[in-house]
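Please read the points below alongside the model. They cover charged pairs and nonpolar packing.

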Amino acid sequence: ASGSVAFAGHSRGGHGALTLATRAPDAACAVASLHGWINREEYGDANTLLAYDASRPFLDPALGALLEATVSEHDVGHALANLAHVPALVRTGDADTSVPPYFARRLARLLNDAGAEAALSVLAGKPHWWWDTASTNDGGAMFDREVRDFLAAHLPAPGAPTASAVPAAFTVVSLNPATFLGRGGVRVLQLETPGRRGVVEVAAGEAGACTLATMGVRRVRVG
């Protein structure tokens with residue numbers, strides 16, 4: 001990781017931390033998703049799109065897929081490749097009935113499969129929110145010793161220069177060029193089809209040259 005921002009949040013904020021980090025990966029030095037979910041449309045029944053709509057049987061399947069594509073970027077699982085080499089803390093409690101531990105376990109697997117450096121922490125007996133982890137007012141669900149140690153290990157010291165190294169090979173993923181700031185100097189400017197995923201595979205060559213292979217991307221900017 002070469003950035004200086006640690007994106008962290010709890011519950012909806014845990015999803016928000018992932019959303020911001022995948023859209024501005026060059027800024028990230030670390031990500032902490034605490035009791036967060038991967039896709040807001042899968043969280044409980046408050047945000048479910050179309051699933052329980054009484055008129056769903058009358059909706060043309062192709063139109064339904066188009067409507068669902070308009071919120072596809074809410075699913076951070078599509079863009080976790082942008083977080084390759086970024087340290088991540090994924091935490092939950094085994095008594096969380098709001099966002100079940102399944103989501104944290106799944107997120108940690110997806111992050112590591114994408115090349116991130118994710119650690120999974122499942123705390124025994126902890127629900128979705130609590131005030132005290134081990135002692136009174138110790139930071140609880142959001143800022144206890146485990147979270148503080150993680151942030152301290154990865155946040156650069158005040159005034160310290162941040163690393164600028166770019167991996168020799170990396171992947172850039174964008175579902176919406178308007179909200180994606182780019183990675184490693186590569187920014188997707190236009191997709192071939194709005195709502196579809198755009199991917200750029202970048203590989204460094206000799207003498208500063210690089211090779212770009214695109215899928216679903218019409219225009220990119222380099223530099």
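1. R23 is partly exposed, at 21% relative accessibility (buried is under 20%, exposed over 50%, partly exposed in between, with a 1.4 Å probe and protein chains only). Its side chain meets that of E73 in a salt bridge, 3.1 Å from N to O (a side-chain nitrogen of Lys or Arg within 4 Å of a carboxyl oxygen of Asp or Glu). Because E73 sits in the loop between α2 and β3 and R23 in helix α1, the pair ties together parts 50 residues apart in sequence (helices are DSSP runs of H or I, at least four residues, and strands runs of E, at least two, numbered from the N terminus).

2. The model is predicted: local features need pLDDT of at least 70 and side-chain atom pairs 80 or more, while totals for chains, interfaces and linings use all residues. Residues are numbered from 1 along each chain as its sequence is written, and side-chain values use heavy atoms, without hydrogens and water.

3. R91 and E146 form a salt bridge at 2.9 Å, N to O. This pair links strand β3 with helix α5, 55 residues apart. R91 is buried, at 1% relative accessible area, whereas E146 is partly exposed at 31%. R91, D144 and E146 are linked in a network of salt bridges.

4. The largest nonpolar core has 19 residues; L18, V31, L83, V90, L107 and L111 touch the most other members (a core is buried Ala, Val, Leu, Ile, Met, Phe, Trp, Tyr and Cys joined through side-chain atoms within 4.5 Å). Elements giving two or more residues to this core are α1, β2, β3 and α3. The largest share, four residues, comes from α3.
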